[in-house]
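Me: I have just opened this one and would like a walk through it. Could we start with how the helices sit on the sheet?

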Amino acid sequence: MELNPELLGQLSPETLAALMEVYNEKNNKQLEEDGFEKIDEDWELSQFWYTKETADNIILLIGNYAKKHKKENIALLCAPSLYRAYLRNKDKLEDLNFALFEYDQRFSIFGESFNFYDLNKPLEIDAKHHKKYDIVVADPPFLNKETVQKVAESMRLISNGESMKIFITGLQVQEAVTAEFPELKLRDSIKIEHDKQRLQNPFGLFCAVDLEKD
């Protein structure tokens, strides 16, 4: 939206003030608490953001576990709202390195931490990430067996020999998750809620350890 200086000079102060208010609303990008531009869900990509409380709780549980067990590098697959939670809580998560693997290029605003990731090409991840991560967290966008299998391939590729894996997904694909990673168990005390509760399917967090105790 551009303003014509000649027309502006012909407006009354009251009209000019009203016009400038509208102009500023349309041109000022809304920022989230993490300081980056607000990004709305794209339902065509099956994006549904966590509530702030859910995302903060998960990222702090992961961070506390990582610090306690000296795990430094953490990968987040298809979980941009978890990465935003990391940014909000960065002062509590010092000395931890979080990397985001995500298809949606809008999240390239996060700079070097953003890595383009297409789950339909699960092994096309830069070699510098192979066997690197101590903790790998995945929240794939589609609730089906094929998606779980593809993301599991990527998780194995970037996990090191002692990596802890976390899968967050709908309970309807629980069998597919445990078929890929038999060690993972549903941690039903960790509640997974999405913004405005648009999803009817129950979700859960699967992990080999009890993040709330270990």
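Reply: Helices (H or I, at least four residues) and strands (E, at least two) are DSSP runs, numbered from the N terminus; axes are lines fitted to C-alpha atoms, for helices over the stretch in contact, and angles run from 0 to 180 degrees between N-to-C directions.

Me: And which strands does helix α4 touch?

Reply: Helix α4 (residues 80-88) packs on the sheet and touches β1, β2, β4 and β5, while its direction makes about 155° with that of β2. Contact here means heavy atoms within 4.5 Å.

Me: Before I go on, what should I know about numbering and confidence?

Reply: Residues are numbered from 1 along each chain as its sequence is written, and side-chain values use heavy atoms, with hydrogens and water left out. Because the model is predicted, local features need pLDDT of at least 70 and side-chain atom pairs count only at pLDDT 80 or more, whereas totals for chains, interfaces and linings use all residues.

Me: OK, the sheet itself: in what order do the strands come?

Reply: Seven strands form an open sheet in the order β3-β2-β1-β4-β5-β7-β6, with mixed pairing, where two strands pair if DSSP finds at least two bridges between them. The edge strands, β3 (114-116) and β6 (185-186), each pair on one side only.

Me: Are β5 and β7 parallel or antiparallel?

Reply: Strand β5 (residues 159-170) and strand β7 (residues 203-207) pair in the antiparallel sense, over five bridges, and Thr169 stands opposite Gly204 in β7.

Me: What about Glu53, buried or exposed?

Reply: Glu53 lies in helix α3 and counts as exposed, at 60% relative accessibility. Glu53 and Asp195 are 142 residues apart in sequence, and their C-alpha atoms are 9.7 Å apart in space.

Me: Last one: how many helices and strands are there in the chain?

Reply: The chain has six helices and seven strands, and buried residues make up 44% of its 214 residues.

Terms used:
Buried means under 20% relative accessible area, exposed over 50%, partly exposed in between (1.4 Å probe, protein chains only).
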